[in-house]
Amino acid sequence: MRRRRWTREKKIKLGILITLLVVLVGVSAAVVWNGLAPKQPDSVQTGGGESRPAEPETPSEGQPPQTPAEPEQPEKESSLPVPLSGKYPEMVVEPQEYQPLAEGDKVVYLTFDDGPCKTTPELLDVLDELGVKATFFVTAQFGEGETLEGYLKEISARGHEVAVHSYSHNYKEIYASVDAFLDDYKKMDDLILKATGKRSSVFRFPGGSNAGYNKAIRGALLEEMNSRGLVYHDWNAFNGDVEGANKTEMIHKAVKECSYTDKSVLLMHNIPGKDAVIESLPEIVKQLNAKGYRFATLDGTVKPFQFAKVEG
């Protein structure tokens, strides 16, 4: 009886041992299989039959992720003009497209030559009261140092265009040669830059582009300035101030000559002793407004009225 019980117990223990061995062998085989399994593919099949991207491999600690190098950008070609002479390469501006007037538009460009001077602050006040802007073709004839710079800065600060006319306004000196003209221009342009923070993009020749004083160098001079992208503006209307006209005559002449065309560039002067110019402005603006004209400043987008042009 005891022998049979022992045999039964021995069989039970042996069965448990065999079961444990089978479990251990199965676990070991699974571990070995996982170690030998191929790496996860780039995409994993989902239950719906769609593939999704595999999770990206995380870089090891301390190693920055690899980013693709940015493609090299081709260098942009400069659109700036190339001056005929190598003198003063900073005096070059990028040409702008001319903006034509809209159909039915009528505009007058008020321009003041030869200043600034002691009456410039009064002139600026009147322009403010009238709500119109003007273009000042400036010189250094009637001021110097901080006083001159102050005038130029104030003209610009009030929204008007400051442009080169001449530094000395001495026709004989500035038209002696192309280099002499460039030297004079640069001195005035540097003053404008110092006072306003930008160089002049347009200018007016002293006496006009067809002045008798520049006849000997006119062709070469026009080519040189054009090669720099600098636009010069002459005029097609005049108030007669330097010809001795009084206030009434200035008003009549200015309004009459501006009325000939839808686009007028009115020449006036801001010089000592010409207070009548300032006094005539309110009536000139009033009458031209009544005729449907607006007022604007000259810049590189305004197609210029020019007396002389490069031939060919």
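1. Ser280 touches Lys247, Met250 and Ile251, not counting residues up to four places away in sequence; contact means heavy atoms within 4.5 Å. Ser280 lies in helix H8 (residues 275-290); helices (H or I, at least four residues) and strands (E, at least two) are DSSP runs numbered from the N terminus. With a relative accessible area of 0%, Ser280 is buried, where buried means under 20% relative accessible area, exposed over 50%, and partly exposed in between (1.4 Å probe, protein chains only).

2. This is a predicted model, in which local features need pLDDT of at least 70 and side-chain atom pairs count only at pLDDT 80 or more, while totals for chains, interfaces and linings use all residues. Residues are numbered from 1 along each chain as its sequence is written, and side-chain values use heavy atoms, with hydrogens and water left out.

3. The protein has 312 residues, of which 39% are buried. Its secondary structure comes to 8 helices and 10 strands. Among contacts between residues at least 6 apart in sequence, 77% join residues at least 24 apart.

4. The 12 residues of H7 should span 16 Å at 1.5 Å a residue, and the end C-alpha atoms are 17 Å apart, which agrees; the expected span of a helix is 1.5 Å times one less than its number of residues.

5. Thr261 lies in the loop between helix H7 (247-258) and strand S9 (263-269). Thr261 is partly exposed, its relative accessible area being 31%. Apart from neighbours within four places in sequence, Thr261 is in contact with Asn236 and Tyr293. Thr261 and Ala237 are 24 residues apart in sequence, and their C-alpha atoms are 9.7 Å apart in space.

6. Helix H5 (residues 178-196) has 19 residues and should span 27 Å at 1.5 Å a residue; its end C-alpha atoms are 26 Å apart, which agrees. Its buried residues include Val178, Phe181, Leu182, Tyr185, Met188, Leu191, Ile192 and Ala195, as well as Asp184, Lys186 and Asp189. The partners against which the buried residues of H5 pack are strand S4 (135-138), helix H3 (145-157), strand S5 (161-164), helix H4 (171-174), strand S6 (202-203) and helix H6 (218-227). Just after H5, Gly197 takes a positive phi of about 90°.

7. Which residues touch the most other members of the largest nonpolar core? They are Leu110 and Phe112, in a core of 56 residues. The largest share of this core, 8 residues, comes from H5. A second, separate core of 13 residues includes Ala163, Val202, Phe238 and Leu267. A nonpolar core is a set of buried Ala, Val, Leu, Ile, Met, Phe, Trp, Tyr and Cys residues joined through side-chain atoms within 4.5 Å. Leu110 is in contact with Leu127, Val132, Ala134, Thr135, Leu266, Met268, Phe295 and Ala296, leaving aside neighbours within four places in sequence.

8. The loop between S3 and H2 holds Asp114 and Pro116. Asp114 has a positive phi of about 80° although it is not a glycine, and at 10% relative accessibility Asp114 counts as buried. Gly115 and Pro116 are joined by a cis peptide bond with omega of about 5°.

9. Tyr88 is partly exposed, with a relative accessible area of 23%.

10. Asp125 is found in helix H2 (residues 120-130) and is partly exposed at a relative accessible area of 36%. Asp125 and Arg158 are 33 residues apart in sequence and 9.4 Å apart in space, C-alpha to C-alpha.

11. The largest pocket holds about 170 Å³ of space. Of its 13 lining residues, Gln99, Leu101, Tyr109, Thr301 and Val302 lie nearest its centre. On a 1 Å grid over the protein atoms alone, a pocket is an open set of points where a 1.4 Å probe fits, with protein on both sides within 12 Å along at least five of seven lines, and lining residues have an atom within 4 Å of a point. Points are joined across faces, edges and corners, and a volume is the space filled by probe spheres set on them. The lining has 5 nonpolar, 3 polar and 5 charged residues; Ala, Val, Leu, Ile, Met, Phe, Trp, Tyr, Cys and Pro count as nonpolar, Asp, Glu, Lys and Arg as charged, and the others, Gly among them, as polar.
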